[in-house]
Amino acid sequence: MAANPMTQFEVYRIGPEIKIGTFDISFTNASLFMVITSLAILIIFNLGSNKKSILPNKIQLMAELSYTFVSKMINDTAGSKAKPYFSFIFSLFMFVLFCNMFGMIPYTFTVTSHIIVTFMLAAFIFIGVTIIGFMKHGFGYLKLFVPSGVPIVLLPLIIVIEIISYLSRPISLSVRLFANMMAGHTMMKVFGGFVISLGIVGGWLPLSFSVALTGLEILVAFLQAYVFAILTCIYLNDALNLHH
Amino acid sequence: MIKKIFFQSIFFNFFLIKEVFAAESGGMPQLNPEFWISQIFWLILTFGILYLVLSKLILPKISKNLELRKSQIQENIEAAEKQRESSESKIKEYDEIILKSKLEAKNIFKEAREKVLKDINQKKEVLDKQINEEIKKAEQEIAKLKKESPDKINKIAIETSSVLVKKLIGADVNNSSITAIVDDLSKKNGNKYYGN
């Protein structure tokens, strides 16, 4: 049964079934890893911020480096106006990164490999950014769909394209992360399965592939978290600094 | 071969999506809506708590730490700058003091020199005066002597000539006549003997 590469994504209930009304909100393995991820982030960053030493120790240095990394990323892409949203983007980046990284440990569950999770995050970002845009610019935010310097003849077509691209943002954002994580983990599982089925004689090739893929997947895990965060910054930039 | 099997397995998985709702085995578990509500609920709960704790407790502390370090470094730099400035001003002060004392020393030297020169001049003047006086005195004496000497010589000449005459002739000659002759002679040759 382990040969099916998709079983690793299965969600199952841990403990009793909890229901609110007709909704099933039972504690599952996905919930467990969300809790672990959040706790790990909180513990690491709490340890990294407790001491007020001028010369930081290793964990403090790591916390401060990630702080400056995210802060620089936001400042570069969305400008200084995005400062109030720093903690949200920081939490988002760390949550996605830690979920991806925890997924790289064998026998764990990858929270971000589920479309519903990534879609919820992306939808929240999309709705939040849209609300911020309308609050900052009123109906002027609709100018986002009208790029400047476009011939009037092409304008109806461009507006339609812009609206479609704007509306597809949450889908592209969520599917990018979800598909990357799922494909990577599936591939690793498939190659792992080949190692078993080809045995001691021919299993070395897929094993070396598997090792290489693990490195690649760790890179992808970081990269996807970064892309997720930076796209959020770019969307935020559109809402904050309207320059179409 | 490996690729083919891999893509086939992926392909079949996507192919089976249609049957996901009917048959749970096979297919993508991600599209099984059984635990969607649960996942959404736990995501909101965990991410919400994570966001709240990070934004309210942890991130302010980190930012404060960073700020503190920055300000401390800035303070240290400022303190160093201040010390540098103070040392520079002190160097200036010292330079000034040295310049001042040099000037003072010069002045003192000058004054002393002037004083010494004055003293020397005074003494010189006094000495000059004394010398002049003495010279005058000597001159006067010389003049006196000069004045007196012809008379004395005349006298001697008269005496000698009277003695000589007496011895020669053996008779007293009137002194007054000899005196007249000597006076006459001395007046005739006076210029020759004394220069005046």
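Start where the two chains meet: select the contact between chain A and chain B, which takes 41 residues from chain A and 34 residues from chain B. Keep in mind as you go that this is a predicted model.

Now stay on the chain B side of that contact and colour it by element. Which elements give two or more residues here? They are helix H1 (2-15) and helix H3 (36-169) of chain B. Then switch to colouring by residue class: the side of chain B that touches chain A divides into 23 nonpolar, nine polar and two charged residues.

Next, select the whole of chain B. Its secondary structure amounts to four helices and zero strands, and following the sequence you will read the pattern α-α-α-α. How much of chain B is buried? Of its 196 residues, 9% are buried.

For the last stop, move over to chain A and pick helix H6 (residues 169-202) and helix H7 (residues 204-240). The axes of these two helices come within 9 Å and cross at roughly 175°. Angles over 145 degrees count as roughly antiparallel, so H6(A) is roughly antiparallel to H7(A). Show the side chains where H6(A) contacts H7(A), and you will have 19 nonpolar, seven polar and three charged residues on screen.

How values were computed. Residues are numbered from 1 along each chain as its sequence is written. Chains are lettered from A and ligands numbered from 1 in the order in which they are written. This is a predicted model: local features need pLDDT of at least 70, side-chain atom pairs count only at pLDDT 80 or more; totals for chains, interfaces and linings use all residues. Two residues are in contact if their C-beta atoms, placed from the backbone, lie within 7 Å. Ala, Val, Leu, Ile, Met, Phe, Trp, Tyr, Cys and Pro count as nonpolar, Asp, Glu, Lys and Arg as charged, and the others, Gly among them, as polar. A residue is buried if 20 or more other C-beta atoms lie within 10 Å of its own, exposed if 12 or fewer, and partly exposed in between; C-beta atoms are placed from the backbone. Axes are lines fitted to C-alpha atoms, for helices over the stretch in contact, and angles run from 0 to 180 degrees between N-to-C directions. Angles under 35 degrees count as roughly parallel, over 145 as roughly antiparallel, 65 to 115 as roughly perpendicular and the rest as oblique.
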